[in-house]
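Let's take a walk through this model together, starting with a sheet and then moving on to the helices around it. Have your viewer ready.

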Amino acid sequence: MNKTKIILISIGAVCGVAALVLAYLVFDTISTTGAEREELEGARETLRKQVNAEIKPVKAAVDAIEQNRLAYEEWTAEANRLAARGDRQFGPTTDAAFKTFMVAEAHRMAEFPGGVEGKLVKAGFPFGFQQYILDGAMPPTAELPKLQRQWDDVTAVVTTLAKAGVYELQSIQIKDAASAMPPPEARDEQAGGRGRRKAPPRRNQANAAKEEQPFEVTVMAVEMLTRPAALVEALNSFATSERFVVVDDFKFVRERDDIVDAIGVDAKKQEAQAAPSGRRRRRAAAEEAEAQVDEDAAKKGKLAVDPLKSSLLKVTMTVKVFDFKTLEQQKEVQQ
């Protein structure tokens, strides 16, 4: 190969490399231009939506949004303050001292007035803590803070029912607070609503529960006998209480049907009259029918039930008492 061919091949190789570089630069420029064009179109579409939206992107709208945000923060702070105004804090105690306190308080509440021989509850009522009040068990030292709060909440609820004039408190049981609260997934769905991106899964459910529940709650299943006026008074007292109280799973029925009692036929009489046979049975049936007509005529227009003498309501409901730990947080800040 002579020198001329070598020079020509070198020139050709250089031109080829230059062509490749030029082609790459042209391709990169076209790609960059296309991406910038798409970005520009996206910005134009966003601007078009903002301009056509109900809230225009102008200073007056921004100022109004900021005012709404500040008003919402003030409302939230006031709502939290009102909800937490009844928060309680308890000092240190021992298992023996707390048990003595519970038994004394149980005896005191057992003397509240009511309809069971003049008392609100029957003798030996455990107030939801039979193992400590009646069975002689000692409260675990590790659970004393929790038990102090639960017992205080039970005392508040029983006192409210007694002041309202409830006839008889039949049962009160402490339920598991975790079972009464919706699971984290359900709270995410309720908060997120439709059309929103699902929250990422939590890595530590226990820590997440502690972080997302800045309150304590005592859940009580309550059964009682009462008249309507006392029931209304109790519900109003819960609604206006300083403690944050929620009444849930509310049901009530009459102990008996007053109207049926007023117009019905005594079942025992029917059984007694069903025994004779033949002519005696027909005669007894005729006499019963005639007597029933006379009784119905006597009762006609006299079936109004006196509310003060009507049968009691059997009420079952779940009462939740919340504590938002504001006093504990203040103590931690001071320390």
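This is a predicted model: local features need pLDDT of at least 70, side-chain atom pairs count only at pLDDT 80 or more; totals for chains, interfaces and linings use all residues.

Residues are numbered from 1 along each chain as its sequence is written, and side-chain values use heavy atoms, with hydrogens and water left out.

Start with the open sheet, where four strands run in the order β2-β3-β5-β4 with antiparallel pairing. Strands (E, at least two residues) and helices (H or I, at least four) are DSSP runs, numbered from the N terminus, and two strands pair if DSSP finds at least two bridges between them. The edges belong to β2 (168-175) and β4 (244-254); each has a single partner strand, so one side of each lacks a neighbour in the sheet. On average, neighbouring strands are turned by 15 degrees against each other, direction ignored. Between β4 and β5 (residues 313-323) there are nine bridges, and Val-253 has Lys-314 of β5 as its bridge partner. Helix α9 (residues 228-240) packs on this sheet, touching β3 (216-226), β4 and β5, and its direction makes about 165 degrees with that of β4. Here contact means heavy atoms within 4.5 Å, and axes are lines fitted to C-alpha atoms, for helices over the stretch in contact, with angles from 0 to 180 degrees between N-to-C directions.

Now turn to the helix pair. Helix α3 (residues 95-110) packs against α5 at an angle of about 10 degrees, and their axes are 12 Å apart. The two helices are therefore roughly parallel, a term for angles under 35 degrees. Among the residues making this contact are Phe-98 and Met-102 of α3 and Gln-148 and Trp-151 of α5.

Let's look at Gln-148, which sits in helix α5 (residues 144-164). Is Gln-148 buried or exposed? Its relative accessibility is 13%, so Gln-148 counts as buried, meaning under 20% relative accessible area with a 1.4 Å probe and protein chains only. A polar atom of the Gln-148 side chain lies 3.2 Å from the backbone oxygen of Gly-91. Beyond four places in sequence, Gln-148 touches Phe-90, Gly-91, Thr-93 and Phe-98.

Ala-164 is also in α5 and is buried, at 11% relative accessible area. Its C-alpha atom is 5.2 Å from that of Ala-230, 66 residues apart along the chain. Leaving aside neighbours within four places in sequence, Ala-164 contacts Ala-230, Glu-233 and Ala-234.

Technical notes: Buried means under 20% relative accessible area, exposed over 50%, partly exposed in between (1.4 Å probe, protein chains only). A polar contact is a pair of N or O atoms within 3.5 Å; within protein, one must be able to donate a hydrogen and the other to accept it, and residues adjacent in sequence count only if both atoms are side-chain atoms. Angles under 35 degrees count as roughly parallel, over 145 as roughly antiparallel, 65 to 115 as roughly perpendicular and the rest as oblique.
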